[in-house]
Amino acid sequence: MHIYDSVQKTKLPFGPIREGEASIYVCGPTVYDDAHLGHARSSLAFDLLSRTLKALNYKVTMAKNFTDIDDKIIKKVEETGQSMEEITSFYIDRYLKEMAALGVERADIEPKATESLQAIENMIQKLIDQDNAYVISTGDVYFDTSKDSHYGEISHQVGEDEDNQSRVAHTSEKRNPKDFALWKACKGKDDICFDTAFSPGRPGWHIECSAMIEEHFSGNDEYSIDIHGGGADLLFPHHENEAAQSRCAIGHELSKYWMHNGFVQIDGEKMSKSLGNSFFLKDALKIYDGEVLRYYLNSVHYRNDFNFSEEELQTSKKRLDKLYRLKKRVSPGKASAVNKTFKKALLDAMGDDLNISTALAVIDEMIASTNDTLDTNPKNKSLKKETLANITFIDTLLGFGGKEPFSYFQIGVDEALKAEIAKLIEARTNAKKEKNFERSDALRDELTALGISIMDTPEGTLWEKA
RNA sequence: GGAGCCAUCGCCAAGUUGGUAAGGCCGUAGAUUGCAAAUCUGCUAUUCACCAGUUCGAGUCUGGUUGGCUCCUCCA
């Protein structure tokens, strides 16, 4: 397995802390609103990572957090009158359901900031005791970036003197312009806050990840976890700050490898809530099947930006359709053993920093050669069984191709229409027997009008939703 | 202002240590079909934004130019 490490900016062989194991922490969403396609892509990218490592026989432990204390959530509380808990649990539930529709496996650990307050307080207290952090007059606690000689090595976003260039305004009580809040003291009696030894308030954004990692992973003398992941926008300042506070509090590096996924763009621009160009997952799932969306969003390498277009999505679906047509052709039956050459080619591709393009090419070649052989010898039973096993392997590794193939092509067709289709096909078959082609073509046109395309095979006439 | 990333066929998109351009869509010629659809076969980039350099050899390395995107503010 090779992984591109965004800190060293190069592809590295994956050598985990513990032989045969992989610990992964991915930054999850702040739960104050619906997830958009960008969240989906990030989630999908690390799902692919986890599945690939598992297929390579690593014992994977994956954590993905929910940030459930945050300014935006508090703002929503003020706007809606709902409790923070009501809001966050609603969006967490939604998020999990939508990701499940995309075939994303649940993380082993799903920590929430509200459930990690003790770990957060402990870490902040430790940093204060070490004088790596300080409390200002308002009760806010800041991390002193000057105490960390390695600050800037994660994002390479160093720059010592051009602080005035920074777009971040900073308060005069900060020791250094780059110092960031570990703890935000509560401002009024209605503010949502939690009690600590230093001040009542709530955690800053960065500290929760560091604290959660310490709470849930043991690591070794050098690193807490193997891989830390998230969107490319988190590299700075979020991950830089996480790394700094962990390094100072724990005395070693936070993560051995850092991985960052590229953005989903709309018309060449990053999709984000602040730009107002978000395509929400819930809306996408109303129009497209989760599996099709998964295939599409995963079809471009995770580090590249992804320009979303419905037209490309349709093109992408055609490719998935081909896999299901083959599956239809070899079904029903019992799977035998996966083809070793095929399996190796897929694992080699995915083991190379998740090279999905090569993996999809390997699959397309398998589909073509299998169809070719089946054209010559339609009754090749052992090939059919092997193909079934190959497709099962694809489903395990990449998360698509697992559906029953006939139902895949019938998504969105209700029972009444199915009966109607069956009737028309039967009538057409009879017309064909009588060589009444005028009538059979007319019946086909009727089916086409219903959005159904048909194909005559030795096994009879099959249909698909166009 | 500072820090990065990217630029490969009409479209999407691979291409680790430099060695002579995967795959998909579209198009096209054929096989198959009553005709289609599905499936298969052939064809479809002497060329990798542009310029210069290193090298026996560069899409891959170096420098520069142009264009696009991102981060430095919440952000996947």
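**Figure 1. Strand S7 and its two neighbours.** Strand S7, residues 180-185, is mostly covered, with five of its six residues buried. The view is taken from a predicted model. S7 pairs with strand S6 (residues 141-143) in the antiparallel sense, and three bridges link the two. Within this pairing, Tyr142 has Ala181 of S7 as its bridge partner. S7 is also joined to strand S8 (residues 201-203) by three bridges, again with an antiparallel course. Here the bridge partner of Trp183 is Pro203, a residue of S8.

**Figure 2. Chain A as a whole.** Chain A contains 15 helices and 15 strands. The C-alpha trace spans about 95 × 50 × 35 Å along its principal axes. Of the 466 residues in the chain, 51% count as buried. Among contacts with a separation of 6 or more, 75% are made by residues 24 or more positions apart. The accessible surface amounts to about 22200 Å², and carbon and sulfur atoms contribute 49% of that area.

**Figure 3. The domains of chain A.** The chain is divided into domain 1 (2-124 + 208-266), domain 2 (310-405) and domain 3 (415-465). Taken over C-alpha atoms, the centres of domain 2 and domain 3 are separated by 28 Å.

Figure 4. Strand S1 comprises residues 2-5 and pairs with strand S2, residues 10-13, in the antiparallel sense over four bridges. In a regular strand, side chains alternate between the two faces of the sheet. In S1, Ile3 and Asp5 form the covered face, whereas His2 and Tyr4 form the uncovered one. Ile3 stands opposite Leu12 of S2. Four residues lie between the strands of this hairpin, where Lys9 takes a positive phi near 55°.

Figure 5. Phe409 is placed in the loop between helix H13 (405-408) and helix H14 (415-433). This residue counts as buried because its relative accessibility is 3%, under the 20% limit for that class. Leaving aside residues up to four places away in sequence, Phe409 touches Asp321, Tyr324, Arg325, Lys328, Trp463, Glu464 and Lys465. One of these, Arg325, is 84 residues from Phe409 along the chain, and the C-alpha atoms of the two are 8.9 Å apart.

**Figure 6. Helix H5 within the structure.** Helix H5 covers residues 207-216 and is largely enclosed by the rest of the structure, because seven of its 10 residues are buried. The buried residues of H5 are Ile207, Glu208, Cys209, Ser210, Ala211, Met212 and Ile213.

**Figure 7. The pairing of strands S9 and S10.** Strand S10, residues 253-261, has seven buried residues out of nine and is therefore largely enclosed by the rest of the structure. S10 pairs with strand S9 (residues 223-231) in the parallel sense, over seven bridges. Tyr223 stands opposite Glu253 of S10.

Key: Residues are numbered from 1 along each chain as its sequence is written. Chains are lettered from A and ligands numbered from 1 in the order in which they are written. This is a predicted model: local features need pLDDT of at least 70, side-chain atom pairs count only at pLDDT 80 or more; totals for chains, interfaces and linings use all residues. Side-chain values use heavy atoms; hydrogens and water are left out. Buried means under 20% relative accessible area, exposed over 50%, partly exposed in between (1.4 Å probe, protein chains only). Contact means heavy atoms within 4.5 Å. Accessible areas come from the Shrake-Rupley method with a 1.4 Å probe; for residues, only the protein chains shown count as cover. Domain bounds come from an automatic or database domain assignment. Two strands pair if DSSP finds at least two bridges between them.
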